[in-house]
Amino acid sequence: AALAASKKTGVPTAFILAIFAQETGSGKNLGTCVWSAPGVMREDNKRKDKTAFIAIMGELGIAPESKAVSCPFGGGWGGAIGYTQFIPTTWLEQRTEAKGHLGHMPNPWKLEDSIMTSAVYLKRLGAVSDPRNAACKYYSGRSCDNKTPLNSFYGDQVMGKKLSLEKQIAESIAKGEIKN
């Protein structure tokens with residue numbers, strides 16, 4: 001899925017996989033909170049995440065209560081969805097372009113769809129030329145910095161994962177285990 005997304009968007013495969021690893025432990029943690037619990041999803045003048053979540057679920061024909069979302073962390077908001085932990089309003093902004101690559105409406109709880117939608121968004125954030133800052137923007141909406149709340153740690157962690165994954169991919173290609 002990451003290789004296909006890379007070929008469509010130009011975002012490096014290892015970087016896409018690094019975001020996936022950072023966000024959900026490569027699919028191990030998709031969240032444990034209920035979307036409607038107080039403080040989980042933002043719904044105010046800045047963002048309408050509950051409204052967006054209901055729209056996504058309706059579009060996909062999925063009962064909102066059937067999917068867990070991320071819990072609030074460190075005083076922030078929760079409510080991120082799927083394998084690559086999109087805020088619902090951000091998912092809605094990316095889904096049309098991802099649909100063009102996939103041929104169907106993407107579902108954040110389908111791995112291939114989530115990976116493609118992340119690659120589309122990461123490209124938009126500048127991942128092809130400046131992956132570290134794109135990672136920080138993916139996490140917090142801003143380039144890497146040391147403001148409060150901190151976000152540069154995220155870009156650094158993703159870049160460390162990217163380097164490790166690049167080595168693993170190169171080794172697998174050399175062994176003939178995967179084709180590039």
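# Disulfides, salt bridges and core

A search of the whole structure finds two disulfides. The model shown here is a predicted one. A disulfide is a covalent bond between the sulfur atoms of two cysteines.

One of the disulfides connects Cys33 and Cys71, with an S to S distance of 2.0 Å. Cys33 sits in the loop between H2 and H3, while Cys71 sits in the loop between H3 and H4, so this bond ties together parts that are 38 residues apart in sequence. The link of Cys33 and Cys71 is right-handed, with 115 degrees about the S-S bond. Cys71, with a relative accessible area of 28%, is partly exposed.

The other disulfide joins Cys136 to Cys144, and here the S to S distance is 2.1 Å. The torsion about the S-S bond of Cys136 and Cys144 is about 90 degrees, so this disulfide is right-handed. Cys136 is buried, with a relative accessible area of 0%. Cys144 counts as buried too, at 16% relative accessibility.

The next topic is charged side chains. How many salt bridges does the structure hold? There are seven salt bridges. One of them is formed by Glu59 and Arg95, whose closest N and O atoms are 2.8 Å apart. This pair links distant parts of the chain: Glu59 belongs to helix H3 and Arg95 to helix H4, and the two are 36 residues apart. Glu59 is partly exposed, with a relative accessible area of 36%. Arg95 counts as buried, because its relative accessibility is 18% and buried means under 20%.

Another salt bridge brings together the side chains of Arg42 and Asp44, at 2.8 Å from N to O. Arg42 counts as buried at 16% relative accessibility, whereas Asp44 is partly exposed with a relative accessible area of 25%. The side chains of Asp49 and Arg47 also meet in a salt bridge, with an N to O distance of 2.8 Å. In this pair the acidic residue, Asp49, is buried, with a relative accessible area of 1%.

The last topic is the nonpolar interior. In soluble globular proteins, nonpolar side chains tend to be buried together. The largest nonpolar core of this model has 38 residues. Which residues have the most contacts inside it? They are Phe15, Ile19, Phe53, Val69, Ile81 and Tyr138. The elements that give two or more residues to this core are helix H1 (2-9), helix H2 (13-24), helix H3 (49-60), helix H4 (88-102), helix H5 (111-124), helix H6 (131-140) and helix H7 (152-174).

What does Ile19 touch, leaving aside residues up to four places away in sequence? Ile19 is in contact with Leu122, Ala135, Tyr138, Tyr154 and Val158. One of these partners, Tyr138, is itself listed among the residues with the most contacts inside the core.

Definitions and conventions
Residues are numbered from 1 along each chain as its sequence is written. This is a predicted model: local features need pLDDT of at least 70, side-chain atom pairs count only at pLDDT 80 or more; totals for chains, interfaces and linings use all residues. Side-chain values use heavy atoms; hydrogens and water are left out. A nonpolar core is a set of buried Ala, Val, Leu, Ile, Met, Phe, Trp, Tyr and Cys residues joined through side-chain atoms within 4.5 Å. Buried means under 20% relative accessible area, exposed over 50%, partly exposed in between (1.4 Å probe, protein chains only). Helices (H or I, at least four residues) and strands (E, at least two) are DSSP runs, numbered from the N terminus. Contact means heavy atoms within 4.5 Å. A salt bridge is a side-chain nitrogen of Lys or Arg within 4 Å of a carboxyl oxygen of Asp or Glu. A disulfide is a pair of cysteine sulfur atoms within 2.5 Å.
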